[in-house]
Amino acid sequence: MGCTGQDTEGAWRGPFPIDDAADCRIRLRNDETFDLACHSGRNWMGTGKYTRDGELLTFNFKGLAADGRLLIPRPKPIPLRLKAGGNSMQMFDPRTDRRFGVWKRVLIH
């Protein structure tokens, strides 16, 4: 079952498919912008735009930093396939269909 009706806006916590990004907070806004902050490994921080087409969520970074250093050039767009269920989303690599983790909805202050 897909997630075409699932509301993905808001704050989520879980892994992100970049090196050493196991514990991240991902905030998806209704204007299709996002920010990312990871508190494990390389302490990633980033912002950009995302697009959603059914189950496919694609992240285009405007800027991405690891341990306080800006990555140049920016990474290529990062696509994810999601299967949603309430306050959690299972995340898959759309090329291999390999599941890499679950995002759980969190409250932001």
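This short talk walks through the bonds and contacts between side chains in the structure shown above.

Let me begin with how the model was made and read: it is a predicted model, in which local features need pLDDT of at least 70 and side-chain atom pairs count only at pLDDT 80 or more, while totals for chains, interfaces and linings use all residues. Residues are numbered from 1 along each chain as its sequence is written, and side-chain values use heavy atoms, with hydrogens and water left out.

The term pLDDT stands for the predictor's confidence in each residue, on a scale from 0 to 100. For this chain the mean pLDDT is 90, and 94% of the residues reach 70 or more. I will be speaking of strands, which are DSSP runs of E with at least two residues, just as helices are runs of H or I with at least four, and both are numbered from the N terminus. Confidence is lowest in strand S7 (residues 78–85), with a mean of 92, and highest in S3, with a mean of 97.

Let me turn to the disulfide, meaning a pair of cysteine sulfur atoms within 2.5 Å. By this rule the count comes to one disulfide, and the partners are Cys24 and Cys38, with their sulfur atoms 2.1 Å apart. This pair links distant parts of the chain, since Cys24 belongs to strand S2 (residues 24–28) and Cys38 to strand S3 (residues 33–38), 14 residues apart. The torsion about the S-S bond of Cys24 and Cys38 is about 100°, so the disulfide is right-handed.

Are these two cysteines buried or exposed? Here buried means under 20% relative accessible area, exposed means over 50%, and partly exposed lies in between, with a 1.4 Å probe and protein chains only. Cys24 counts as buried because its relative accessibility is 1%, and Cys38 counts as buried because its relative accessibility is 2%.

Next come the salt bridges, where a side-chain nitrogen of Lys or Arg lies within 4 Å of a carboxyl oxygen of Asp or Glu. The structure holds eight of these salt bridges. One of them joins the side chains of Arg13 and Asp23, at 2.8 Å from N to O. That pair links distant parts of the chain, with Arg13 in strand S1 (residues 10–14) and Asp23 in the loop between S1 and S2, 10 residues apart. Arg13 has a relative accessibility of 38%, so it counts as partly exposed, and Asp23, with 26%, also counts as partly exposed.

Which residues does Arg81 meet in salt bridges? With Glu55, the closest N and O atoms are 3.7 Å apart. This pair links distant parts of the chain, with Arg81 in strand S7 and Glu55 in the loop between strand S4 (44–53) and strand S5 (56–66), 26 residues apart. With Asp97, the side chain of Arg81 meets in a salt bridge at 2.0 Å, N to O. Asp97 sits in the loop between strand S8 (88–92) and strand S9 (99–106), so its pairing with Arg81 ties together parts that are 16 residues apart in sequence. Arg81 is buried, with a relative accessible area of 16%, whereas Glu55 is partly exposed at 22% and Asp97 is partly exposed at 47%.

The structure holds seven aromatic pairs. In one of them, Phe16 and Phe59 are edge-to-face, at 5.2 Å centre to centre and with 80° between the planes. Phe16 lies in the loop between S1 and S2 and Phe59 in strand S5, so this pair ties together parts that are 43 residues apart in sequence. Both Phe16 and Phe59 are buried.

Phe16 also pairs with Trp103, and this pair is stacked, at 6.4 Å centre to centre and with 15° between the planes. Trp103 lies in strand S9, 87 residues apart from Phe16, and is buried, with a relative accessible area of 0%.

Definitions and conventions
Phe/Tyr/Trp six-rings, centres within 6.5 Å; stacked < 30°, edge-to-face > 60°.
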